[in-house]
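Subject: Structure handover

Hello,

Here is the structure for your files.

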Amino acid sequence: EGAGTVSWRDGKNTLQTQPAVLSSAWRTPTDARKIAIVNIADEERTVQLKMDRRHIDKGENQNCQLTSEDGKSKIELIREEGGRWRGSLKLAPRSAQVWILQ
């Protein structure tokens with residue numbers, strides 16, 4: 001959320017617009033929970049993560065974290081009211097990251 005959009009003109013000179021940051025969450029066959037996030041913009045983007053119980057299976061008062069797939073970075077997700085968690089991360093221009101929920 002909050003990462004904006006990117007626009008360009010295609011081969012027919014039609015203006016195209018889409019979100020600058022795209023993401024997908026899934027469970028692996030071994031029940032690991034992963035999130036892939038891609039920044040297609042030419043600028044760095046700060047992304048506000050908002051997750052709920054569909055993504056996180058934690059007790060009512062527990063915080064959790066995302067760990068980058070290479071293990072070098074961690075993001076703390078803070079528990080909010082109503083069964084939601086939030087956190088933020090920065091994405092380099094034209095980059096992709098995969099995170100593991102723990």
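The notes below cover the core, the surface and the charged pairs.

Please keep in mind that this is a predicted model.

Core. The largest nonpolar core has 18 residues. Those that touch the most other members are Ile37, Leu49, Leu66, Leu77 and Leu89. At least two residues of this core come from each of strands S4 (33–39), S5 (45–52), S6 (64–68), S7 (74–80), S8 (84–91) and S9 (95–101).

Aromatic rings. Searching the whole structure for aromatic pairs gives zero. There is a charge over a ring, however: Arg79 lies over the face of Trp85, at 5.1 Å from the ring centre.

Surface. Leu22, Val38 and Ile40 make a nonpolar surface patch of about 190 Å². Of these residues, Leu22 belongs to strand S3 (residues 21–27). Its relative accessible area is 36%.

Salt bridges. The whole structure contains five salt bridges. Three of them are described here, including their accessibility.

- Arg27 and Asp31 form a salt bridge whose closest N and O atoms are 3.4 Å apart. Asp31 is partly exposed, with a relative accessible area of 46%, and Arg27 is also partly exposed at 46%.

- Arg94 and Asp42 form a salt bridge with the closest N and O atoms 2.6 Å apart. Arg94 sits in the loop between S8 and S9, and Asp42 in the loop between S4 and S5, so this pair ties together parts that are 52 residues apart in sequence. Arg94 counts as exposed, at 62% relative accessibility.

- Lys90 and Glu44 form a salt bridge in which the closest N and O atoms are 3.9 Å apart. Since Lys90 lies in strand S8 and Glu44 in the loop between S4 and S5, the pair ties together parts that are 46 residues apart in sequence. Lys90 counts as exposed at 53% relative accessibility, whereas Glu44 counts as partly exposed at 47%.

Regards

Definitions and conventions
Residues are numbered from 1 along each chain as its sequence is written. This is a predicted model: local features need pLDDT of at least 70, side-chain atom pairs count only at pLDDT 80 or more; totals for chains, interfaces and linings use all residues. Side-chain values use heavy atoms; hydrogens and water are left out. A nonpolar core is a set of buried Ala, Val, Leu, Ile, Met, Phe, Trp, Tyr and Cys residues joined through side-chain atoms within 4.5 Å. Buried means under 20% relative accessible area, exposed over 50%, partly exposed in between (1.4 Å probe, protein chains only). Helices (H or I, at least four residues) and strands (E, at least two) are DSSP runs, numbered from the N terminus. Rings of Phe, Tyr and Trp (its six-membered ring) pair if their centres lie within 6.5 Å; planes under 30 degrees apart count as stacked, over 60 as edge-to-face and the rest as tilted. A charge sits over a ring if NZ of Lys or CZ of Arg is within 6 Å of the ring centre and within 35 degrees of the ring normal. Patches are made of residues with over 30% relative accessible area and no salt bridge: like charges are joined within 9 Å, nonpolar side chains (Val, Leu, Ile, Met, Phe, Trp, Tyr) within 5 Å. Accessible areas come from the Shrake-Rupley method with a 1.4 Å probe; for residues, only the protein chains shown count as cover. A salt bridge is a side-chain nitrogen of Lys or Arg within 4 Å of a carboxyl oxygen of Asp or Glu.
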